[in-house]
Amino acid sequence: MSLSYRVGVIPGDGTGPEVIAEGLKVLGTVMHGFELETIPFLIGGEHYLRTGETLPESVLAELKELDAIYLGAIGHPDAPPGVLERGILLRIRFELDQYINVRPVRAYPEMSLPVARVGPEEIDIVFVRENSEGLYVGAGGFTRRGTGEEVATQESVNTRRGVDRCLRYAFDLAREAGRRGHVTLAHKTNVLTYAGDLWARAFAEMAGSYPDVSTDYVHVDAACVYLVEDPGRFDVVVTDNMFGDILTDLGAALQGGLGVAAGANLNPGGVSMFEPIGGTAPDHVGMGTINPLAAIGALELMLRSLGEREAADRVETGISFAVSKMHSMRAGEMGFSTSEVGDLVVEGATR
Ligand code: IPM
Ligand code: MN
């Protein structure tokens, strides 16, 4: 009997639906030996503006029953900042306890890269971003809001359990085939002397149980310099939620742009969510100019996480083929339309 998966699809806003359509097109051509049912969920900015609803409880309950979630992008220019991000995207991450955000940064041969001195072979990093704590928990508040005496606080919450489970994931990943057995912790221990201290102690202790994995520590600001000047020094990089958010955008730029950057919000024992990390790209909506490779890369991550290695490998081959034909990874400069890039991936995946 072949395996059968139920995958929730949230195309979302902006260019989300366009890139998800390409991902599903690719999926249809690499599905062999398993079945996969897609269940659409039309939540997002449009739905919010029409109904005032972000993520209804009934939808949340349905999401918890799935095998995986495939998400396009969430965000709308007419919604107040934070409402959709906190109400949908972060709410799913938190409610489903997707405590790891994995963001691979790798360049393919023949890819045009923004940093001229860095060759594609030097770029093969996996960021492990803590995804359930830190500044993202929304702890803090205002006093005297709107007055000249206003005070706003925003607290970073770091639990030993949360940090340990994130570190353990990173160390296990460094041992996997294809990785180089090295984990770097990026933080700011010289200033964040409480949170940084916890992370550094937990990191040192975890390293003790992985004698075969080498480690180092970099301050997050220095990590930005190294990423541009010497990315080859990084294998697995583990960091907190906020630093991970920022570092992975830099990582995306390094690999050719947000058009190729894919991420996985993982709950290794539960329901995980896979997404392109570029957002809604309002300037490109409906023009056929957005790069679907990030969404297709997210599909690859999803298939790998479901255990469908052969299908995932095919998607990877397809992406590599598409990249070898494209002029640039940047939206509007690809030399192909969104759906033509999807077709190239299909061609490469099914040859
Ligand atoms: C990301 C995004 C989100 C984040 C936003 C949209 C809430 O920037 O996935 O990196 O900050 O995590
Ligand atoms: Mn981000």
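Predicted model: local features only at pLDDT ≥ 70, side-chain atom pairs only at ≥ 80, totals over all residues.
Local features are taken at pLDDT of at least 70 and side-chain atom pairs at pLDDT 80 or more, while totals for chains, interfaces and linings use all residues. Residues are numbered from 1 along each chain as its sequence is written, ligands are numbered from 1 in the order in which they are written, and side-chain values use heavy atoms, without hydrogens and water.

The account begins with strand S10, residues 236-239. Helices (H or I, at least four residues) and strands (E, at least two) are DSSP runs numbered from the N terminus. In a regular strand the side chains alternate between the two faces of the sheet. In S10, Val-236 and Val-238 point one way, whereas Val-237 and Thr-239 point the other way, and all are buried. Buried means under 20% relative accessible area, exposed over 50%, and partly exposed in between, with a 1.4 Å probe and protein chains only.

Two strands pair if DSSP finds at least two bridges between them. S10 pairs in the parallel sense with strand S5 (residues 124-130) over four bridges, and Arg-129 has Thr-239 of S10 as its bridge partner. Strand S8 (residues 182-187) also pairs with S10 in the parallel sense, over four bridges; here Val-183 stands opposite Val-236.

Helix H5 (residues 160-175) has 16 residues and spans 23 Å from its first C-alpha to its last, close to the 22 Å expected; the expected span is 1.5 Å times one less than the number of residues. Its buried residues include Val-163, Leu-167 and Phe-171. The buried residues of H5 pack against several elements, among them S5, S8 and S10, where contact means heavy atoms within 4.5 Å.

Backbone angles come next. Most residues other than glycine have a negative phi. Asp-97, in the loop between helix H4 (83-95) and S4, has a positive phi of about 50 degrees. Asp-97 counts as partly exposed because its relative accessibility is 26%. Glu-110, in the loop between S4 and S5, has a positive phi of about 70 degrees and counts as exposed because its relative accessibility is 61%.

The residues around ligand 1, each with a heavy atom within 4 Å of it, include Arg-93, Arg-103, Arg-129 and Tyr-136. Polar side-chain atoms lie 2.7 Å from an oxygen atom of the ligand in the case of Arg-93 and 2.6 Å in the case of Tyr-136. The protein covers 76% of the 320 Å² of accessible area that ligand 1 has on its own, by the Shrake-Rupley method with a 1.4 Å probe.

Methods:
Polar contact = N/O pair within 3.5 Å; in protein donor to acceptor, adjacent residues only side chain to side chain.
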